[in-house]
Amino acid sequence: MKFDKIMRIVGPIVLSALSILIVSLLVNPIACWLDPSFHLLANKGVGKIAFTTIVIIHILLLFFIGSRQFFGRFLDINVRFFKHTTWIMPFLTFFSIFFMLHGALLSLFYFTGYAVYTPPSSFPSLGSLAIGFLATFFLAWSEEVIFRGTLYLYFSQYIRPIGSIFLTSGIFALVHDLANPLNLVTKNWKLGLGLFLLGVLLNLTFVITNKLYTGMGIHAGLVFVKVVLRRWPIIAFLPITQLPCWVDRDLRQSFLIHGLFTVVNVILIIKYKEKLFSKD
């Protein structure tokens, strides 16, 4: 019975993953023939957008052949909130808080001497920043739909919220290197750990607020700082050999961030333990 239950839980996910893999193997050579620089498993750019679109299509196909009740809940959490404007202020609040926190941590590295100010040659245009914001918004929404609005909801039907949080966060970390997921456990484990802890925070936020757009705000606020810095590189870190373990140009690999995420996650787990460990 336990094996049957496990297969009932993971079976649809495994089949969807295999289907995504097959579609990717078919689409990528055709796309590369049209544009040799294209790669469907790229960590950013058009390849990532294309892969994310394929995943979302598979999610919708999975729901069409599954429970109507679950599909209705999926739409309520991931799509229907756009019908009203009440989501905008909470999204912008979480976005602003985590945008400023990201900026404050970069300032800390600057004032401690591990990063230097690099005078910009020009200021990015408002159009460029607007496009960057829209791309960040799509990234935040699509990843939250996939991991919080789909995988977490799916697993939480069978296991307690805390179990679904950790399972989904593990998947969230691994798929951030689609070309070699195990690289985030072996060679690049600091990034993998940072992604896992971020995934736990995003999942906890989703469970506590029961709203997708709160996690979207956190996600977008953290990412948009990097978007701005790519267009306006005003800060440069010292060579990696001169940086201590608690500093890294990619904050997700910094032990300081690992510690901060861990403290916040533990506090949230303790505060909402009844909700997180409930069987309902």
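**Exercises on a helical model**

The protein has 10 helices and two strands, taken as DSSP runs (helices H or I, at least four residues; strands E, at least two) and numbered from the N terminus. The model is predicted: local features need pLDDT of at least 70, side-chain atom pairs count only at pLDDT 80 or more, and totals for chains, interfaces and linings use all residues. Residues are numbered from 1 along each chain, and side-chain values use heavy atoms, without hydrogens and water.

**Exercise 1.** Find the residues with the most contacts inside the largest nonpolar core.

*Solution.* Start with the definition: a nonpolar core joins buried (under 20% relative accessible area, 1.4 Å probe, protein chains only) Ala, Val, Leu, Ile, Met, Phe, Trp, Tyr and Cys residues through side-chain atoms within 4.5 Å. The largest one has 63 residues, and Leu212 and Met216 have the most contacts inside it. Next, its sources: helix 5 (126–155) and helix 8 (212–231) are among the helices that each supply at least two residues. Helix 5 gives the largest share, 12 residues. Last, Leu212: beyond four places in sequence, its contacts (heavy atoms within 4.5 Å) include Phe81, Trp141 and Phe206.

**Exercise 2.** Describe how helix 7 and helix 9 cross.

*Solution.* Take the axes, lines fitted to C-alpha atoms over the stretch in contact, with angles from 0 to 180 degrees between N-to-C directions. They come within 10 Å and cross at roughly 30°. Helix 7 is therefore roughly parallel to helix 9, a label for angles under 35 degrees. Now list partners: Leu197 and Leu201 of helix 7 and Phe261 and Leu268 of helix 9 are among the contact residues.

Methods:
Buried < 20%, exposed > 50% of the residue type's maximum accessible area, 1.4 Å probe, protein only. Parallel < 35°, antiparallel > 145°, perpendicular 65-115°, else oblique.
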